[in-house]
Amino acid sequence: MQLATARSVCRQLGQALRLKLKQGWSLLRELSGDDAYERYLQHQALHHPDETPLCRHAFFKREQQQKWQGVKRCC
């Protein structure tokens with residue numbers, strides 16, 4: 001009986017740990033911008049369902065152009 005209880009507790013701890021790691025990974029991706037394309041697709045589907053979304057390559061190319069166009073210095 002104790003062995004079954006110990007296994008159950010270990011299984012629950014393992015599931016809780018996996019959940020926390022998954023949440024941490026999602027947060028890290030969000031903070032670093034790694035999930036930008038997925039968020040873009042969600043936005044497109046919700047707000048612009050009649051438009052065809054950009055492919056991943058075109059999306060990142062557009063983002064880089066927007067980020068680096070124009071003067072980006074103070075002096």
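Residues are numbered from 1 along each chain as its sequence is written. Because the model is predicted, local features need pLDDT of at least 70 and side-chain atom pairs count only at pLDDT 80 or more, while totals for chains, interfaces and linings use all residues, and side-chain values use heavy atoms, with hydrogens and water left out.

Reader: Which element of the protein chain has the highest mean pLDDT?
Author: The pLDDT is the predictor's confidence in each residue, from 0 to 100, and the protein chain averages 90, with 96% of the residues scoring at least 70. Among the elements, helix 1 has the lowest mean, 91. The highest mean pLDDT, 96, belongs to helix 2.

Reader: What distance does helix 1 reach from its first C-alpha to its last?
Author: Helices are DSSP runs of H or I with at least four residues, numbered from the N terminus, and helix 1 covers residues 2-32, which is 31 residues. The expected span is 1.5 Å times one less than the number of residues, and just after this helix G33 takes a positive phi of about 85°. The reach of helix 1 is close to the expected value, at 45 Å.

Reader: How many Å separate the centres of domain 1 and domain 2?
Author: The domain bounds come from an automatic or database domain assignment, which divides the protein chain into domain 1 (1-32) and domain 2 (35-66). Taken over C-alpha atoms, the two centres are separated by 32 Å.

Reader: Which residues of helix 2 are buried, and against which helix do they pack?
Author: Helix 2 spans residues 36-47, and its buried residues (under 20% relative accessible area, with exposed over 50% and partly exposed in between, for a 1.4 Å probe and protein chains only) are A36, Y37, Y40 and Q44. They cover an arc of only 95° around the axis, taken from the directions from the helix axis to the C-beta atoms, which puts them on the same side of helix 2. The face turned away from that buried side carries the exposed residues Q42, A45 and L46. The buried residues of helix 2 pack against helix 3 (56-68).

Reader: Which residues does Q44 touch, not counting those up to four places away in sequence?
Author: Q44 lies in helix 2 and counts as buried because its relative accessible area is 10%. With contact taken as heavy atoms within 4.5 Å, Q44 touches P49, E51 and P53.

Reader: Which residues form one aromatic cluster?
Author: Rings of Phe, Tyr and Trp (its six-membered ring) pair if their centres lie within 6.5 Å, and the structure holds 4 aromatic pairs. Two residues named above as buried in helix 2, Y37 and Y40, belong to the cluster. Its members are Y37, Y40, F59 and F60.

Reader: How far apart in space are H57 and Y37, C-alpha to C-alpha?
Author: H57 is found in helix 3, and counts as exposed because its relative accessibility is 63%. Although H57 and Y37 are 20 residues apart in sequence, their distance in space is 9.7 Å.

Technical notes. Rings of Phe, Tyr and Trp (its six-membered ring) pair if their centres lie within 6.5 Å; planes under 30 degrees apart count as stacked, over 60 as edge-to-face and the rest as tilted.
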